[in-house]
Amino acid sequence: MRRKKTTQREINPDSQYNSALAAKFINKLMQGGKKATAQNIFYTALDLVAKNLKKDNPLEVLEEAVENASPLLEVKSRRVGGANYQVPYEVKGKRREALAIRWIIGAAKKKKGKSMAEKLSQELMGAFNNTGDAIRKKEETHKIAESNRAFAHFAW
């Protein structure tokens, strides 16, 4: 081993829901250090989700949406004997969550015409109902991993 093991920083839970997942989501949503703006967008989006789905705890919707958008498999490039192979790997816990959050926010940013809070609430509801762009991205990733299953023996 040449490098030290990295220590995982502990993220403080957010103030409104006391949830580490919500804090991670806000931090990913933040641009240019504007945390208050990101919090405003996030909490407004969760309020919209709660109103549209008639749920009293929108945090459950957030957790379910992130779980639904989390990929199980992904491919990594591996060079073997002069050829590059897309080798499927199982995605570990922290990375699954990070990818799901990234895909949900990315899908919301791509939508046009509405405020970011409305776009994010739509994407969260879509992920909660197993529809939407983040779920499509997850299924695409799984399809690529499945089609490259023949190269799984290159994983080491």
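Modeller: Helices α1 and α4 are oblique to each other, a word for angles that are not under 35 degrees (roughly parallel), over 145 (roughly antiparallel) or 65 to 115 (roughly perpendicular). This is a predicted model, where local features need pLDDT of at least 70 and side-chain atom pairs pLDDT 80 or more, while totals for chains, interfaces and linings use all residues. Residues are numbered from 1 along each chain as its sequence is written, and side-chain values use heavy atoms, without hydrogens or water.

Start with the setting. The chain has six helices and two strands. Both are DSSP runs numbered from the N terminus: H or I of at least four residues for helices, E of at least two for strands. From the N terminus the order is α-α-α-β-β-α-α-α. Residues 1-149 are 58% helix and 11% strand. The C-alpha atoms fill a box of roughly 55 × 35 × 25 Å along the principal axes.

Now the first crossing. Helix α1 covers residues 20-29 and helix α4 covers residues 93-110. Their axes come within 10 Å and cross at roughly 50 degrees. Axes are lines fitted to C-alpha atoms over the stretch in contact, with angles from 0 to 180 degrees between N-to-C directions. Contact means heavy atoms within 4.5 Å. Helix α1 brings L21, K24, F25, K28 and L29, and α4 brings E97, I101, R102, I104 and I105. By class, that contact has six nonpolar, no polar and four charged residues. Nonpolar means Ala, Val, Leu, Ile, Met, Phe, Trp, Tyr, Cys and Pro; charged means Asp, Glu, Lys and Arg; the others, Gly among them, are polar.

Helix α1 meets α2 as well. Here the axes come within 8 Å and cross at roughly 120 degrees. Helices α1 and α2 are therefore oblique too. Their crossing is right-handed. From α1 come A22, F25, I26, N27 and L29; from α2 come K35, A38, Q39, I41, F42 and Y43. This contact divides into eight nonpolar, two polar and one charged.

Y17 sits in the segment before α1, and Y43 in α2, 26 residues apart.

Definitions and conventions: Left-handed = near helix turned anticlockwise from the far one by under 90°.
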